[in-house]
Amino acid sequence: MKKLWRFFVFSAAVSAISMGCTSQKGADQIFINGDILTMKGDKASYVEALVVTDGKITFAGPKSQALEMKGSSTKMVDLNGRTLMPGFIDAHGHVSQYATASQMINLQPEPYGEVMSIPDLQKVLKDFIIQNNIKPGVMIVGNGYDDAIMEEHKHPTAKQLDSVSSVNPIYIEHASGHMGVGNSLFLKNMGVTYDTEISGGVIGKDPNTKELTGKMQENANIEALQYLTSQLPKPAEKDKFKSLLDAENEWFANGQTTICEGRATPANINHIFEANDKKLLRGDYIILPDYDTNADKLEHWKDYYQKYTGRVKIGGVKMTFDGSPQGKSAWLKEQYLVAPDGEEQGFKGHPIYSRENAYKGLKAIFKAGMQAHIHCNGDAAIDEGLSLMEVLKNEKLLTDSMRCVLIHSQVCREDQVPRYKKIGIMPSWFPTHVYLWGDWHRENVLGEERAKRISPLKEGLDQGIRFTIHHDSPVTPPDLIAAVYAAVNRKTRSGYLLGPEQRVSPYEALKAITINAAWQWGEEHEKGSLEQNKRADLVILDKNPVKIDPLGVKDIRVMETYKDGVQVYKKN
């Protein structure tokens, strides 16, 4: 009996010592003295303090109670009046493409670059060749030219790129990522002739001269990019992951702790997983394998579906039903206001898949037990996506547990909005289009009536539809604050108010990049709001988006970003 008593005394002493050590250590961080916006609930709510221990939120509430958790090694983070929020979640971007594009010559127009005309573009390319002493035969690659903003409102031609260099193959990608232009040497080296056809793609051809214009669209652009990638020198082993990790840092600098690769080829997927295996990644990566290039690998990727291996998981499978509205390759019900280069007036765009092949692809994805994210920009593409989803739901292949997404859903008609809710499909809208390309859409692409319905957030909100918003980087920089600004204000570059009836409050826009985005990825129990036991993915902003003049939202700056309680970015 005495031995038993001694055992209990000894155990109690050990327990007390252990508790004392834990108490002495206390929390890792306590955040105080600012607006701590929890993103919990239907309206803005705040707590006085947030406590983080071992990468998780262990308390969110009164400051007095938080301070009781302070230990000898606790770091007190004084917000000094700044705003603490959940880390932003990337609902749709392309981190691999951004990493690749960052290695290309910048051909973007204002506000992200200086190429405002075709002569500007030619000069930038020529200067690059001269300043870098580029030898004949070396590939020249540019990214981000934008005919919507350039003064000619035309794509450059192969001949205009030939005038830059006829001894270097040149390929430049459009801002939309859906098309590009090659010079004559590039097309020749790639094996493209006037008679070449590419399924699901368009090769620019002049029927009068029987010459190639240089334009490569949709799957033709994809093949051009795959060709040029195969021709570029491989980085040294020590630099193999540099561009990917640099891109990750850009996501952190923009407040995002969960990163999306939204249309991944096998090479992209393997690259990210290899970086993950080497424990180089700090953010969480959600990958959407591109269906066309991964159709025979669905069962393999299913093993990584909706569960993290290290920092990476498969979030669904991507299909692309049409192109880009600003590039005039989206599939519309009614004609473009002004037909794109090489097309007759009355052009409406076209689908990338036949209906039969689109159905087969979605059916294969659902049979593999994974959800689909479908790129649908034009209203005809949205019709196709919603109709096929409804068919597959009736066939019991699309289940209620699958959180399928129609990505972009840009040119969205009034009759289409209720169908999202009826079928159980989530839109991920792209309101930054209103800011960057709203004037172009009004005056050249869609006309006023259709343009004002781009990304109809308020209509979706009023009908009880949960939605996310995204940046689609590298189509735009990985900047979700700009997306929030556009959602809240709907002002174009020129200051025109485009579709003011579709504006939402700053809080609703912030939900779309926090708790709604967490729900989209099936992570609402771990991310998206500041609540006990959720992961300490945090962002500190210099101003509170909910409290300032909405027009000032685009000037808000990310000051610090934390991933699982570890600071991964701090503004200098």
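Which residues does Asn219 touch, not counting residues up to four places away in sequence?

A: First, the ground rules. This is a predicted model, where local features need pLDDT of at least 70, side-chain atom pairs count only at pLDDT 80 or more, and totals for chains, interfaces and linings use all residues. Residues are numbered from 1 along each chain as its sequence is written, and side-chain values use heavy atoms, with hydrogens and water left out.

Now to Asn219. It touches Ile198, Ser199, Gly200, Gly201, Arg263 and Ile352, not counting residues up to four places away in sequence. Contact means heavy atoms within 4.5 Å. Asn219 sits in helix 7, residues 219–231. Helices (H or I, at least four residues) and strands (E, at least two) are DSSP runs, numbered from the N terminus. Asn219 has 16% relative accessibility, so Asn219 counts as buried. Buried means under 20% relative accessible area, exposed over 50%, and partly exposed in between (1.4 Å probe, protein chains only).

The C-alpha atoms of Gly201 and Met179 are separated by 9.4 Å, and the two lie 22 residues apart along the chain. Met179 belongs to strand 10, residues 179–182. Its relative accessibility is 0%, so Met179 counts as buried. Leaving out residues up to four places away in sequence, Met179 touches His155, Tyr171, Glu173, His174, Lys215, Met216, Gln217, Asn221, Gly327 and Ser329.

Lys307 gives another case. Lys307 is in the loop between helix 11 (298–302) and strand 15 (312–314). With a relative accessible area of 48%, Lys307 is partly exposed. Lys307 touches Val312 and Lys313, again not counting residues up to four places away in sequence. Lys307 and Ile89 are 218 residues apart in sequence, and their C-alpha atoms are 17 Å apart in space.

Next, helix 9, residues 266–277. At 1.5 Å a residue, its twelve residues should span 16 Å, and its end C-alpha atoms are 16 Å apart, which agrees. The expected span is 1.5 Å times one less than the number of residues. Pro266, Asn268, Ile269, Ile272, Phe273, Ala275 and Asn276 of helix 9 are buried. An α-helix has 3.6 residues a turn, so residues three or four places apart point the same way. After helix 9 comes Lys279, whose phi is positive, near 60 degrees.
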